[in-house]
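Colleague: Can you take me through this one? I'll ask as I go.

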Protein chains: 2
Amino acid sequence: MNLEEKTLSSECVYDGKIMTVCRDEVEISTGRKSFREIVQHSGGVVIAALKDENTILAVKQFRYPLKKTILELPAGKLEKGEDPALAAARELEEETGYKAKNWKSLGYIYTSPGYSDEKLYLYLATDLEFVGEHPDDGEILKNYEFPLDEFIKQVKSGEIADAKTVCAIMRAFYD
Amino acid sequence: MNLEEKTLSSECVYDGKIMTVCRDEVEISTGRKSFREIVQHSGGVVIAALKDENTILAVKQFRYPLKKTILELPAGKLEKGEDPALAAARELEEETGYKAKNWKSLGYIYTSPGYSDEKLYLYLATDLEFVGEHPDDGEILKNYEFPLDEFIKQVKSGEIADAKTVCAIMRAFYD
């Protein structure tokens, strides 16, 4: 069975700072035509950073689309053409003030493949050294250190509901 | 530290079928003004459905934003005002042809809280009975049955990269 969808036409209805939104007409394999609304996003990085064996760094941020503050792992958007591994190092330092000597890739995830092309690269960072914070302009966040086992418990129970955080914890700490 | 952001004005730049896109001017706690681009989405449900102790149901779908076919758990959008538990039963049957007698909530996730309000409710479904497929109009997918341990291995290795699938597997099958 052919699942592919062919683009017949594309109209970009919004070209913003962090996203472009397009409405494409597609032909599905049955010959039927349909529309697809899609968000184009630069993608980003997510870092599970261990200060020591049982201490993980986390951030609290007001997430405007949700109108509330939630707990997440440090993360950030890729700049155009930026190498994900370099972006991870940059974001970790910007958000927490730490540099890591030891990096391990945990692959990537698609956050919402039904309507967005956002792809996030996940990392485990260890051997940390504090070098001082340089927060992004216009981004205000609060730093936390958690016992790793407590953080994992909150991911599992649903108290921590940020998808990228759940995914990075799963890939980093479960067999 | 106050992390909250106050809405100064909101302009919805696209009102589509599955999303509304708005550009809001906000005031952050320092008094500084900034813009937030946000996607409003109905949210949805994700189902980890076990046919037997070691067999999980999965679907392959062409995800147009990615321009490729990926493997995911059965999932679908909430209809307006729909109860997530009822939506999960509806989507499982639509996508796989199975009804489940036994449902367990696995909480929810925010797929991309930086720019979207999408919230997905996760479920574990067991005690399945095949009642026949009723695929959604305009949605073509291919059904699979996987040994659960092999599926989990692919989630862990990154071969399965769909975030909602990783999250549901983590909440359903890990302690």
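Colleague: Which domains is chain A divided into?

Modeller: Domain 1 of chain A covers 6-41 and domain 2 covers 44-173; the bounds come from an automatic or database domain assignment. This is a predicted model, in which local features need pLDDT of at least 70, side-chain atom pairs count only at pLDDT 80 or more, and totals for chains, interfaces and linings use all residues. Residues are numbered from 1 along each chain as its sequence is written, while chains are lettered from A and ligands numbered from 1 in the order in which they are written.

Colleague: What separates the centres of domain 1 and domain 2 of chain A?

Modeller: Taken over C-alpha atoms, the two centres are 30 Å apart. The contact between them takes six residues from domain 1 of chain A and five residues from domain 2 of chain A, where two residues are in contact if their C-beta atoms, placed from the backbone, lie within 7 Å.

Colleague: And by class, what is on the domain 1 side?

Modeller: The side of domain 1 of chain A that touches domain 2 has three nonpolar, two polar and one charged residues. Ala, Val, Leu, Ile, Met, Phe, Trp, Tyr, Cys and Pro count as nonpolar, Asp, Glu, Lys and Arg as charged, and the others, Gly among them, as polar.

Colleague: How many helices and strands in chain A?

Modeller: Chain A has three helices and ten strands, in the order β-β-β-β-β-β-β-α-β-β-β-α-α along the sequence. Helices (H or I, at least four residues) and strands (E, at least two) are DSSP runs, numbered from the N terminus. The C-alpha trace of chain A spans about 55 × 35 × 30 Å along its principal axes.

Colleague: Now the pair. What superposes chain A on chain B?

Modeller: A rotation of 180° with 0.0 Å of shift along its axis, at RMSD 0.0 Å. That is the relation of a two-fold axis. The same surface serves both copies, as 100% of the contact residues of chain A recur in chain B.

Colleague: How many residues does the contact take from each chain?

Modeller: There are 57 residues from chain A and 57 residues from chain B. On the side of chain A that touches chain B, the elements giving two or more residues include strand 1 (6-15), strand 2 (19-27), strand 8 (98-110) and helix 3 (163-173) of chain A. The residues on that side divide into 29 nonpolar, twelve polar and 16 charged.

Colleague: What about the nonpolar core, which residues have the most contacts inside it?

Modeller: In the largest nonpolar core, of 74 residues, those are Ile47(A) and Ile47(B). A nonpolar core here is a set of buried Ala, Val, Leu, Ile, Met, Phe, Trp, Tyr and Cys residues joined through C-beta atoms within 7 Å. Not counting residues up to four places away in sequence, Ile47(B) touches residues including Leu73(B), Ala88(B), Leu92(B) and Tyr123(B). Another core, of 14 residues, lies apart from the largest one, and among its members are Met19(A), Val39(A), Val39(B) and Tyr64(B).

Colleague: Helix 2 of chain B next. Which residues are buried there?

Modeller: Phe151(B), Ile152(B) and Val155(B) are buried in helix 2 (residues 148-157) of chain B. They cover an arc of only 100° around the axis, so they are on the same side of helix 2; the arc is that of the directions from the helix axis to the C-beta atoms. Asp149(B), Glu150(B) and Ser157(B) are exposed on the other side. A residue is buried if 20 or more other C-beta atoms lie within 10 Å of its own, exposed if 12 or fewer, and partly exposed in between, with C-beta atoms placed from the backbone.

Colleague: What covers the buried residues of that helix?

Modeller: The cover includes strand 5 (55-63), strand 10 (141-147) and helix 3 (163-173) of chain B. Just after helix 2 of chain B, Gly158(B) takes a positive phi of about 100°.

Colleague: Which residue other than glycine has a positive phi near 55°?

Modeller: Lys67(B) has that value, and Asp127(B) has a positive phi near 60°. Lys67(B) is in the loop between strand 5 and strand 6 (68-72) of chain B, and is exposed because 11 other C-beta atoms lie within 10 Å.

Colleague: And where is Asp127(B)?

Modeller: Asp127(B) is in strand 9 (residues 119-130) of chain B, partly exposed with 13 other C-beta atoms within 10 Å. Its C-alpha atom is 7.6 Å from that of Leu50(B), 77 residues apart along the chain.

Definitions and conventions
Least-squares fit on C-alpha atoms with pLDDT ≥ 70 in both.
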